[in-house]
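Trainee: I've got a structure open and I'd like to learn how to read it. Could you walk me through it?

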Amino acid sequence: MPLEGQKLGYRYNKALWVFQHVDICMERGEIVGLVGPSGCGKSTLGKLLAGHLRPHEGKVIADGERKPHVERNSVQLVLQHPEQAVNPRWKLRRTLQESGSSNDHILAELAIENNWLDRYPNELSGGELQRICVARALGDETRYLIADEMTTMLDAITQAQIWHSVLNWAKLNGTGVLIISHERHLVNKICDRVIEWKDLVE
């Protein structure tokens, strides 16, 4: 079943719409890029699709049915800054266990070392912590991964390693991936198709 956003709109207040009437659809196993300038609304759309925000108009359909925004576990979101996505008081083993995503195969695919899991978030580098966040998102129930500038802050080698792991996982498990980015060279290289933000909102 596809992940769909139908006639989506979101506003910051009654007068200021971020966007309106946005339609987007992606299939299981598809790698899709969404590109556009900073501040245009790409991240807001990603949060709507993942259920982190509720749309002010339109609807999101995941797994063939419209679900409450708090229940769309099949759609996972990974953000640009991993330190904002984890509890700083929890060791990382607990973070993974709480999400149900401590699968050894995922950890091995992402080259996560076992000793990292006994540390707190501030004891890892940005690249190491982002690998943990990706592993947490790739649980057994995940059908779609939304990667919002997921590797922008990382060095080129770490970026390549993480994307290699994510794309391998997506291929093996039929996971759809939406890559939100302003880096056109990245999405042009690894995506099956690329959506221009201006084409969604026109």
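Trainee: Which residues in α4 meet which residues in α5?

Mentor: Two notes before we start. This is a predicted model, where local features need pLDDT of at least 70 and side-chain atom pairs count only at pLDDT 80 or more, while totals for chains, interfaces and linings use all residues. Residues are numbered from 1 along each chain as its sequence is written, and side-chain values use heavy atoms, with hydrogens and water left out. Now, contact means heavy atoms within 4.5 Å, and helices (H or I, at least four residues) and strands (E, at least two) are DSSP runs, numbered from the N terminus. On the α4 side you'll find G127, Q130, R131 and V134, and they meet T158, Q161, I162 and V166 of α5. Sorted by class, this contact has three nonpolar, four polar and one charged residues. Ala, Val, Leu, Ile, Met, Phe, Trp, Tyr, Cys and Pro count as nonpolar, Asp, Glu, Lys and Arg as charged, and the others, Gly among them, as polar.

Trainee: At what angle do α4 and α5 pack?

Mentor: Axes are lines fitted to C-alpha atoms, for helices over the stretch in contact, and angles run from 0 to 180 degrees between N-to-C directions. Here α4 (residues 126-137) and α5 (residues 156-173) pack at about 15°, and their axes are 11 Å apart. That makes α4 roughly parallel to α5; the label goes to angles under 35 degrees, with over 145 roughly antiparallel, 65 to 115 roughly perpendicular and the rest oblique.

Trainee: What does the largest nonpolar core contain?

Mentor: Start with "buried": under 20% relative accessible area, with exposed over 50% and partly exposed in between (1.4 Å probe, protein chains only). A nonpolar core is a set of buried Ala, Val, Leu, Ile, Met, Phe, Trp, Tyr and Cys residues joined through side-chain atoms within 4.5 Å. The largest one here has 35 residues, and those with the most contacts inside it are I112, V134, M150, W163, V166, V177 and I179. Helix α4 gives the most to this core, with six residues. Take V134: not counting residues up to four places away in sequence, V134 touches V78, L110, M150, I162 and V166. There's also a second, separate core of 25 residues, including V22, M26, V75 and L178.

Trainee: Why is α1 described as largely enclosed?

Mentor: You count its buried residues. Seven of the nine residues of α1 (residues 42-50) are buried, so the rest of the structure largely encloses this helix. Those residues are K42, T44, L45, G46, L48, L49 and A50.

Trainee: Is T175 buried or exposed?

Mentor: Look up its relative accessibility: at 2%, T175 counts as buried. T175 sits in the loop between α5 and β8. Setting aside neighbours within four places in sequence, its contacts include G29, E30, I31 and W169.

Trainee: Where are A111 and E149?

Mentor: Both are in loops: A111 between α3 and α4, and E149 between β7 and α5. A111 has a positive phi of about 55° although it isn't a glycine. E149 isn't a glycine either, and its phi is positive too, near 50°. As for accessibility, A111 counts as partly exposed at 45%, whereas E149 counts as buried at 10%.
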